[in-house]
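Reader: Could you pick one part of this model and take me through it up close? I'd like to see how it packs, with the cut-offs spelled out as you go.

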Amino acid sequence: MEITSTESFLRYWQRIRGRTRRVVDCIPAEVLEVKARVGVLSPGATVLPRRSSDLWSLGDLIRHLALLERWMFAENIHGRPSLYRGCGVDHADGLGPVLELFEGLGAETEDLIRQLTDDQLQNRCQTPGGASLPVWKWLRAMVEHHIHHRAQIYTSLTLLGVATPPLYGLTSEEVADRSAS
């Protein structure tokens, strides 16, 4: 998918974030900072120093989405280096503050994207990993990154026994029931 219009991308991006917000709204406050290790979920579990194999809490995932989109992707598309500094509770602690962070930084990210002209989508930007690519491809990577972490939120909530909304309005079973035999 090539992105050629800032406004059409923003409409798409708002739908992506809206679907994430619907599942985020299902998170009970008491499980926001539950961490998983070695297939076991337990509130208040002691977590060893982070390794790439560790799972993040739901709070970490939401903060990570908001902070990375604003302080890495939105900075990079304007030719600036990443300012991302992690996603711990020092950024927002508690469900209300985490949701405020998600919405507030989301609005800032949208404003920074809106500043781009359609022509600027073809400009090159540099990623924190040193790759140089067109801005539109970096925005597409932002969408892929967002969807990846939304899936982790769905999975974590399922493992915690929390009901979640179907992504597109129907469950798998409802689609099967409505499909032609």
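Author: Among the things covering the buried residues of α1 are α2, α3 (95-114) and α4. Helices here are DSSP runs of H or I with at least four residues (strands are E runs of at least two), numbered from the N terminus; buried means under 20% relative accessible area, exposed over 50% and partly exposed in between, with a 1.4 Å probe and protein chains only.

Bear in mind that this is a predicted model, where local features need pLDDT of at least 70 and side-chain atom pairs pLDDT 80 or more, while totals for chains, interfaces and linings use all residues. Residues are numbered from 1 along each chain as its sequence is written, and side-chain values use heavy atoms, leaving out hydrogens and water.

Now, α1 itself. It has 19 residues and runs 26 Å from first C-alpha to last, close to the 27 Å expected, the expected span being 1.5 Å times one less than the number of residues. At its start, a side-chain oxygen of S5 comes to within 3.5 Å of the backbone nitrogen of E7. The buried residues in α1 are T6, F9, L10, W13, I16, R17, R19, T20, V23 and V24.

On to the rings. Phe, Tyr and Trp rings (the six-membered one for Trp) pair if their centres lie within 6.5 Å; planes under 30 degrees apart are stacked, over 60 edge-to-face, and the rest tilted. That rule gives two aromatic pairs. F9 and W13 are stacked because their ring centres are 6.3 Å apart and their planes sit at 10 degrees. They're four residues apart in α1 (residues 6-24), so about one helical turn separates them. Both F9 and W13 are buried.

F73 and W138 make a tilted pair, since their centres are 4.7 Å apart with planes at 40 degrees. F73 belongs to α2 (residues 58-76) and W138 to α4 (residues 135-159), so this pair ties together parts 65 residues apart in sequence. F73 and W138 are buried too.

How far to trust it? pLDDT, the predictor's confidence in each residue from 0 to 100, averages 91 for the protein, and 90% of the residues score at least 70.

Conventions:
Contact = heavy atoms within 4.5 Å. Polar contact = N/O pair within 3.5 Å; in protein donor to acceptor, adjacent residues only side chain to side chain.
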